[in-house]
Amino acid sequence: MLFKTLPTQTVIGLCALFACTFTALTSEVAPVGLLIDMAQAFHIAEGQAGLAVSAFALMVALGAVPLTILTAAIDRKRLMLLSLGGYVLSNLIVALAPTFLVLCAGRALGGIAHALLMSIVSAYAARLVPPKMTGRAISFVYGGTSLGSILGVPGAAAIGHFASWRVAMLVMTGIAVLLTACVAFFLPPVATSGDASTNLPSMGSRKAMRIFLMVVAIDAIFFVAHNMLYTYVTPLLLAHGLPKGVLSVALLLTGAVSILGLWGAGQIVDRWPAAGMFAGGMAMLIGMGLMYGHILSGWGSVASVALWCSGYSAIIPFVMSGAIRARATRPDVAGAAINGGSNLGILLGSALGGQILTWSGFNTLTPIAIVITLSAILLAVLNPESFPRTLHSSEDEATS
């Protein structure tokens with residue numbers, strides 16, 4: 001178990017970081033469960049409403065690495081609180097937006113906050129634990145993203161169904177306020193990224209940079225494939241015969257299953273990266289494949305989405321720890337690059353998915369997402385330096 005050998009203050013810190021990623025993901029993905037209601041409120045197509053996701057992702061993709069570098073000397077905890085405050089303001093603007101343009105502006109502000117928070121959280125976790133536990137600590141902290149997926153999309157969808165999408169976003173605002181207060185009290189401070197003690201020796205070699213860039217590229221491709229379909233998962237499930245009244249329950253179940261993928265990744269992330277990446281990718285591939293046409297319908301399609309999402313959630317700890325393990329740059333900059341690559345994937349996936357959905361429907365969109373997923377799996381398999389078959393203790397230490 002991760003917590004058995006750690007001091008109490010470290011455990012509290014990791015739990016606070018878990019709360020941070022929960023807040024981040026809840027804020028990021030809530031519109032996915034509200035997409036249909038938002039489209040109806042502003043009299044636009046569902047594909048256009050996907051821009052609420054794209055606007056958020058665009059700011060993260062553009063800002064993650066530059067903002068992380070520019071804020072290297074700022075106190076990490078203060079920066080974390082500033083980022084969480086950005087989520088509060090973003091969600092409030094979205095909840096009160098009079099037009100879809102204002103809503104997208106609020107989402108863009110949230111993207112800036114996300115660019116900061118999600119870029120530093122993995123390095124923050126790495127500084128709290130011994131080197132050999134880095135992968136497991138990151139896996140635990142990113143469990144907040146799975147919980148955010150479990151509660152964010154279906155929770156927002158349920159509130160939207162019983163009240164309205166604006167009420168759902170006000171609830172998201174309240175959650176962000178509450179968790180900001182918790183982090184202020186319970187997250188222990190760590191050294192800033194600019195401290196000499198955080199710079200690892202032998203960084204920046206061509207080999208290290210090549211491995212690092214490959215990890216980022218594979219991460220981005222997986223995110224493109226996932227978000228081409230998942231951004232539009234509510235209309236996708238409806239197209240497979242699932243009644244609208246049970247959508248929130250269905251999304252809750254898929255999120256609950258997806259946390260199993262993250263848990264499984266946590267068991268092997270510091271030992272067998274190649275096997276973990278392959279297993280996660282294949283779960284995505286099979287789950288998406290079963291959503292093509294009408295192979296499955298109703299609750300069978302919900303099971304397929306759950307399988308695909310469990311594979312997707314499993315991939316996140318492997319790419320994050322792989323980027324840090326490459327030792328091409330500082331851990332926080334590595335986290336920023338993964339964050340930027342992930343959100344570039346979200347941006348391209350949601351935007352392209354929206355266009356394809358509008359013009360050709362799911363019969364075209366689903367096969368394209370499947371092909372992109374397969375390409376990401378092949379890239380991971382063909383690059384054993386990025387995702388080794390096994391890790392030894394010396395390699396574990398390199399992830400600190």
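Helix α15, which spans residues 362-381, supplies the largest share of a nonpolar patch, with three residues. The structure you're looking at is a predicted model.

**The patch on the surface**
- Phe278, Leu374, Leu378, Val381 and Leu382 make up this nonpolar patch on the surface, and together they have about 480 Å² of accessible area.
- One of them to look up is leucine 378, which sits in helix α15.
- Leucine 378 has 46% relative accessibility, so it counts as partly exposed.

**The cores**
- The largest nonpolar core has 100 residues, and the members touching the most others are Leu17, Met80, Tyr87, Leu237, Met277 and Trp308.
- There's another core apart from that one, with 17 residues, including Phe42, Ala52, Ala55 and Ala168.

**Threonine 23**
- You'll find threonine 23 in helix α1, which covers residues 8-42.
- Is threonine 23 buried or exposed? Its relative accessibility is 2%, so it counts as buried.
- A polar atom of the threonine 23 side chain lies 2.9 Å from the backbone oxygen of alanine 19.
- Setting aside residues up to four places away in sequence, threonine 23 touches Leu84, Ala176 and Leu179.

**Isoleucine 268**
- Helix α11 runs over residues 247-268, and isoleucine 268 is part of it.
- With 21% relative accessibility, isoleucine 268 counts as partly exposed, because buried means under 20%.

**Glycine 143**
- Glycine 143 belongs to helix α7, made of residues 143-162.
- At 5% relative accessibility, glycine 143 counts as buried.
- How many residues separate glycine 143 from leucine 260 in sequence? They're 117 residues apart, while the C-alpha to C-alpha distance is 9.9 Å.
- Not counting residues up to four places away in sequence, glycine 143 touches Phe18 and Leu262.

Notes
Residues numbered from 1 in each chain as written. Predicted model: local features only at pLDDT ≥ 70, side-chain atom pairs only at ≥ 80, totals over all residues. Heavy atoms only, no water. Core = buried A, V, L, I, M, F, W, Y, C linked by side-chain atoms within 4.5 Å. Buried < 20%, exposed > 50% of the residue type's maximum accessible area, 1.4 Å probe, protein only. Patch = residues over 30% accessible without salt bridge, like charges linked within 9 Å, V, L, I, M, F, W, Y side chains within 5 Å. Areas by Shrake-Rupley, 256 points an atom, 1.4 Å probe, with all protein chains shown as cover. Salt bridge = Lys/Arg side-chain N within 4 Å of Asp/Glu carboxyl O. Helix = DSSP H or I, 4+ residues; strand = E, 2+ residues; numbered from the N terminus. Polar contact = N/O pair within 3.5 Å; in protein donor to acceptor, adjacent residues only side chain to side chain. Contact = heavy atoms within 4.5 Å.
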